Amino acid sequence: MNVDHEVKLLVQEILRLGSKNADGQTSVTFGVLFNDDQCANIFEALVGTLKAAKKRKVVKYESELLLQGVHDNVSITLLQE
């Protein structure tokens with residue numbers, strides 16, 4: 001799959017699983033994304049897709065590297081829909 005396509009799929013999944021924050025942006029925690037069955041079937045490397053989306057300024061999150069368990073509560077905010 002090409003990266004741009006995976007980033008678009010990621011945006012769709014964040015919109016599906018997330019909720020609006022105080023700023024009106026959609027956000028979801030890493031744990032919710034990582035543990036969702038549909039996301040698991042779509043993304044072979046969710047962390048890599050998130051990193052590519054962050055580099056393209058589509059999403060923002062605080063941690064440099066996201067690890068399941070340790071970073072389950074890290075909020076991922078959608079910057080572009």
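1. Arginine 56 and aspartate 4. In this predicted model, the side chains of arginine 56 and aspartate 4 form a polar contact at 3.1 Å. Arginine 56 sits in the loop that links H4 and E3. Apart from residues up to four places away in sequence, arginine 56 touches Val3, Asp4, Val7 and Gln80. One of these, valine 7, is 49 residues from arginine 56 along the chain, yet their C-alpha atoms are separated by 9.1 Å.

2. Lysine 57. The loop between H4 and E3 also holds lysine 57. Lysine 57 has a relative accessible area of 58% and is therefore exposed, since the limit for that class is over 50%. The backbone of lysine 57 deserves a remark as well: phi is near 60 degrees, which is a positive value in a residue other than glycine.

3. The overall pattern. The protein contains four helices and four strands. In sequence order, these elements give the pattern α-β-β-α-α-α-β-β. The student may wish to trace this order on the structure above before reading the points that follow.

4. Of the 81 residues, 40% count as buried. The protein exposes about 5000 Å², and carbon and sulfur atoms supply 49% of that area. Among contacts with a separation of 6 or more, 49% are accounted for by residues 24 or more positions apart.

5. Charges. How many positive and negative charges does the protein have, and how far apart are their mean positions? There are 9 positive and 11 negative charges, and their mean positions are 8 Å apart.

6. Threonine 26. Strand E2, which covers residues 26–29, includes threonine 26. Threonine 26 has a relative accessible area of 4% and is therefore buried, the limit for burial being under 20%. Which residues does threonine 26 contact, once its neighbours within four places in sequence are left aside? They are Ile14, Leu15, Gly18, Ser19, Lys20, Ile76, Thr77, Leu78 and Glu81. Strand E4 spans residues 75–78, and Ile76, Thr77 and Leu78 are among the contacts of threonine 26.

7. Asparagine 35. Helix H2, made up of residues 30–35, contains asparagine 35. The side chain of asparagine 35 reaches the backbone oxygen of glycine 31 at 2.9 Å. With a relative accessibility of 48%, asparagine 35 counts as partly exposed. Asparagine 35 and glutamine 25 are ten residues apart in sequence, while their C-alpha atoms are 22 Å apart in space.

8. Aspartate 72. The loop between strand E3 (59–60) and strand E4 (75–78) holds aspartate 72. A polar atom of the aspartate 72 side chain lies 2.9 Å from the backbone nitrogen of glycine 69. Beyond its neighbours within four places in sequence, aspartate 72 is in contact with Thr29, Phe30, Gly31 and Leu67. Aspartate 72 and lysine 8 are 64 residues apart along the chain, and their C-alpha atoms are separated by 22 Å.

9. Histidine 71. The loop between E3 and E4 is also the place of histidine 71. At 17% relative accessibility, histidine 71 counts as buried. Residues up to four places away in sequence aside, histidine 71 touches Phe30, Ser63, Leu65 and Leu66. Phe30 is likewise one of the contacts of aspartate 72.

10. Alanine 45. Where is alanine 45 found? The loop between helix H3 (37–42) and helix H4 (46–55) contains this residue. Alanine 45 has a relative accessibility of 42% and so counts as partly exposed. Between alanine 45 and glutamate 62, the separation is 17 residues in sequence and 19 Å in space, C-alpha to C-alpha.

Definitions and conventions:
Residues are numbered from 1 along each chain as its sequence is written. This is a predicted model: local features need pLDDT of at least 70, side-chain atom pairs count only at pLDDT 80 or more; totals for chains, interfaces and linings use all residues. Side-chain values use heavy atoms; hydrogens and water are left out. Helices (H or I, at least four residues) and strands (E, at least two) are DSSP runs, numbered from the N terminus. Buried means under 20% relative accessible area, exposed over 50%, partly exposed in between (1.4 Å probe, protein chains only). Contact means heavy atoms within 4.5 Å. Accessible areas come from the Shrake-Rupley method with a 1.4 Å probe; for residues, only the protein chains shown count as cover. Lys and Arg count as positive and Asp and Glu as negative; His and the chain ends are not counted. The place of a charge is taken as NZ of Lys, CZ of Arg, CG of Asp or CD of Glu. A polar contact is a pair of N or O atoms within 3.5 Å; within protein, one must be able to donate a hydrogen and the other to accept it, and residues adjacent in sequence count only if both atoms are side-chain atoms.
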